[in-house]
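Trainee: I have a new model to learn. Can we go through it in short steps?

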Amino acid sequence: MNSILDRVAKDCGRRNSSSASTSGDIFEPLSSSNAKQRGILVEWINSLLPHLSLPINASDEELRAYLVDGTILCQLLNKLKPGSIPEFGGSGHSLGLSSENIKMFLAAMDEMGLPRFQASDLEKGSMKIVLECLLTLRAEFMNVGGDGFNTPLSRKSSSDASTRCKQLGETFGCADVAYRQELSSTHSSPSSTEGKRKIGSDSKFQRALRSPVMAEPSAALLHHVGHKFHEVFQLKQGGYADLPPSKISEMMKSNSLDIAPTQSLLSVVNGILDESIERKNGEIPHRVACLLRKVVQEIERRISTQAEHLRTQNNLFKTREEKYQSRIRVLEALATGTSEETQIVMNQLQQIKNVKIKMEEEKKNEDQDVVRLMKEKDDHSQEIATVKQEMEIAKRTYEQRSVEMEKEAREAQQKLEERLKEVESLLKESTNRVKEIEMFSESKSQRWSKKENVYQIFTEFQLGALRELRFASQSIKQEIVKTQRSYAEEFNQLGAKFRALDHAAANYSAVLAENRKLHNEVQELKGNIRVYCRIRPFLRGQKEKQTVVEYIGENGELVVVNPSRQGKEGRRSFKFNTVYSPTATQAQVYSDIQPLIQSALDGFNVCIFAYGQTGSGKTYTMTGPDGASEEDWGVNYRALNDLFRISQMRESTFKYEIKVQMLEIYNEQVRDLLSSDGSQKRLGILSTSQPNGLAVPEASMFPVNGTSDVLDLMDTGLRNRAKGSTAMNERSSRSHSIVTIHVHGKDIKSGSSMHSSLHLVDLAGSERVDRSEVTGDRLKEAQHINKSLSALGDVISALAQKNAHIPYRNSKLTQVLQTSLGGQAKTLMFVQLNPEVASYSETMSTLKFAERVSGVELGAARSSKDGRDVRDLMEQVTSLKDTIAKKDEEIEQLQLLKDQKNVSPEANGEKRSPHSFR
Ligand SMILES: Nc1ncnc2c1ncn2[C@@H]1O[C@H](COP(=O)(O)OP(=O)(O)OP(=O)(O)O)[C@@H](O)[C@H]1O
């Protein structure tokens, strides 16, 4: 019997593990069922051996580790059945080798007739078999003893074996073990072939009977009350007809039928029918018929309950399906909603793009306007130059012609006079000769009668000559009149030309004024505060050449990348009026700011300053490198040169006077850099700007008339400039240097005058100071620099917001530059960047300052803000896309679930093992 049970249990165990997924609740996964079994087992072991305190949620492998040396197993058995392993003595200590312990435990299990596992299962195989064996052991001792201990089942009687087998079936989740066992005992009669056939074929009906509703009551319940039916089966060996009436009525009265396993009921029905057939006459005694009816009624009741249950389940499935359908609808609606939202965002994005494109087009148009205006201006200038040249030529021709004509007139006059004199002398001579002849003829008339004719001829000749002379005299007079007339005509023509030239000259001033106006309109179109960003190249001999500048756009875009952060988050983009790459030349940079220099000659105050950390190229841009050739000249030299050039061009209409001051602001003290004695005298700043435009009137001021003057002055200034050394740049400038060019112009024609100033500022290094690196004087310097730079930022920011109060007075720097910041003044800032990775954080703070300044200019600010908006929207769109993708996934999963649910429960049931319906 033991071996049969063993085999059955093993069989059960195998099948159970092979169909593990169907052994528990049909929706419960294998792992969770395993975990539950483990939990029950561990709890049981802990209740028996509390000193172990095994963790309730121990995994298979942890449990294996506890059990593998067999100590706990032996202790367990000794606790349940003291002395079952004598060598172990229940001391709780392992006495033997682990293999010995396990052998002893398995032998004890064999002796009890309980299913066992193999030692190898505990060492490395599936723990499932081990668990099942131990759970059987638990069931053995818990169900039977009531108190759970020390009262194992007697394995002597076949009914006990049947019961235990049912318990095994329950424990392993295989109801049919119990069922077969029961049937085999019920139909042990050799004549009951029909019964055996039924056992072999497990009909749908029978399977349905073993569903949760139709299945036999629990093993425990059966144990207490089910034996009534065993009794019947025992009695039935003698035939149902022979059952004592008291037994039958007791069965019918009691609730035995309600709790009897359906198979038992069917067996009774089959038995009665078999018996009736065997008896040939087919008669069934009344009381047996009653029992039969009662049993059939019970079966009917169960079938109807089952049908009801199936209906309920069906409804449940339908409700669930509807729930899933509605969820799917909600998710579909959500997904559609999300795409609508995306569409709205995309539309907004498109609108913003359109606005951006429109703005860019407007800017392009403005730029084209600027180019056109510049061209017109150039054309005007050329026209003026041509008129001027023509005027010069005409003037010279006129003067030449006048001189020539005067000379010609003088010569003609002279000739005429000479001729007249000749004629007069001739006339005199002729008259004398005539008189002589008359006298001679009177005295010698008679004597010389012969010569009368000769005299006549001579007289006629003389008269002819006289007539010729008169004629010549008349033609000369006519010529003189003619020449005088042509002179008069020429004079008239020249007069007309002079009048035209005079008119043109009068217009020339107006055209110049118009030109100046156009020029300033162009400058205003470009903005009164401009930010140009310049990136310094890596220095010669520098090894580390990794740059933080990722992208330089043609339209002033700049993307900087954080070397310590990957991806999108590490990138930051900026927008300025212009960004110069490290290869930009000094000439290229200057050509963009040149129009501002011209504005200074038109009466506008201009301020150009370079901002950036030490070593970023401020001095290079403003002054140029040490000992620079003309090609490397910085803004200062080029600006002054240009002022001379333009003022010379305008000399016929304007008279300019250019003077230069050079100041230094060091530790909030203003010093004169052009003082010949290198004066350390501190200068005062006038609180309000003076009519002559001098904020620091005490500072030396020198007139400059040419490049050489400028070079000399700059040299003096640079020599006097205070310098300090920090860890960053040994040639570091820790002071602000300001070159101020004062322009005084006078309109020659109108006599009106104007005054303007051009400030060229090389600011001190903007780097933040690490207090641990500098102390004392250096720290003080740094604090002053920080204060003045932030005051500069505040002033510009206040101007941006059009505040009533502009905090000029917060630093000496802003006080000196006051006239060139705000109002009609034009300001340009060079943002100098050092592209090295080590300077990343300084670069970022420089760019943020510049962004704050560029925010003043609406155009730049707007476009930079647009850039940010677009970026923000792009991020929103990306996150929305992610959400949609997630939602799609959820929908897919739900669809999958729905498809699974749509498979009919019956079909499911067919696929499942019968063990799933207990
Ligand atoms: N565009 C450039 N092309 C070539 N060399 C440059 C450029 N800009 C700067 N340099 C070089 O980089 C070094 C540092 O430049 P510079 O002295 O102008 O920096 P800075 O910002 O004025 O520093 P400081 O605050 O100390 O005055 C110099 O050797 C300079 O010649």
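Trainee: Strand 11 and strand 12 form a hairpin, so to speak; which residue in the turn has a positive phi?
Mentor: Strands are DSSP runs of E with at least two residues; helices are runs of H or I with at least four; both are numbered from the N terminus. Between strand 11 and strand 12 there are 5 residues. In that turn, the residue with a positive phi, about 85°, is G751.

Trainee: What kind of model is this?
Mentor: Residues are numbered from 1 along each chain as its sequence is written. Local features need pLDDT of at least 70, side-chain atom pairs count only at pLDDT 80 or more, and totals for chains, interfaces and linings use all residues: the model is predicted.

Trainee: How many bridges pair strand 11 with strand 12?
Mentor: Two strands pair if DSSP finds at least two bridges between them. Strand 11 covers residues 736–747 and strand 12 covers residues 753–762. They pair in the antiparallel sense, and the number of bridges is 10.

Trainee: Which residue in strand 12 is the bridge partner of H742?
Mentor: Look at two partners in strand 12. V743 has S756 as its partner there. For H742, the partner is S757.

Trainee: Which residue stands opposite H742 in strand 11?
Mentor: Strand 11 also pairs with strand 7, antiparallel, over 12 bridges. In this pairing, the residue opposite H742 is K659.

Trainee: How many of the 10 residues of strand 12 are buried?
Mentor: A residue is buried if 20 or more other C-beta atoms lie within 10 Å of its own, exposed if 12 or fewer, and partly exposed in between; C-beta atoms are placed from the backbone. Strand 12 is largely enclosed by the rest of the structure, because its buried residues number 7 of 10.

Trainee: Which residues have the most contacts inside the largest nonpolar core?
Mentor: A nonpolar core is a set of buried Ala, Val, Leu, Ile, Met, Phe, Trp, Tyr and Cys residues joined through C-beta atoms within 7 Å. The largest one here has 78 residues. Those with the most contacts inside it are C533, I608 and V831.

Trainee: Which residues does I608 touch?
Mentor: Two residues are in contact if their C-beta atoms, placed from the backbone, lie within 7 Å. Leave out residues up to four places away in sequence. Then I608 touches I593, L596, V635, L760, V761 and L828.

Trainee: Where does helix 18 bend?
Mentor: The bend at a residue is the angle between axes fitted to the seven residues ending there and the seven starting there. In helix 18 that angle is about 45°. A proline, P595, follows within four residues of the bend, which is at D592.

Trainee: How far apart are the end C-alpha atoms of helix 18?
Mentor: The expected span of a helix is 1.5 Å times one less than its number of residues. Helix 18 has 16 residues (586–601), so it should span 22 Å. Its ends agree with that: their C-alpha atoms are apart by 22 Å.

Trainee: Which residues of helix 18 are buried?
Mentor: An α-helix has 3.6 residues a turn, so residues three or four places apart point the same way. In helix 18, the buried residues are Q586, I593, L596, I597, S599, A600 and L601.

Trainee: Is S53 buried or exposed?
Mentor: S53 lies in the loop between helix 2 (30–48) and helix 3 (60–67). Its phi is near 45°, a positive value in a residue other than glycine. With 10 other C-beta atoms within 10 Å, S53 is exposed.

Trainee: How many other C-beta atoms lie within 10 Å of N667?
Mentor: N667 sits in the loop between strand 7 (654–666) and strand 8 (669–672). Its phi is positive too, near 50°. N667 is partly exposed, because the number of other C-beta atoms within 10 Å is 16.
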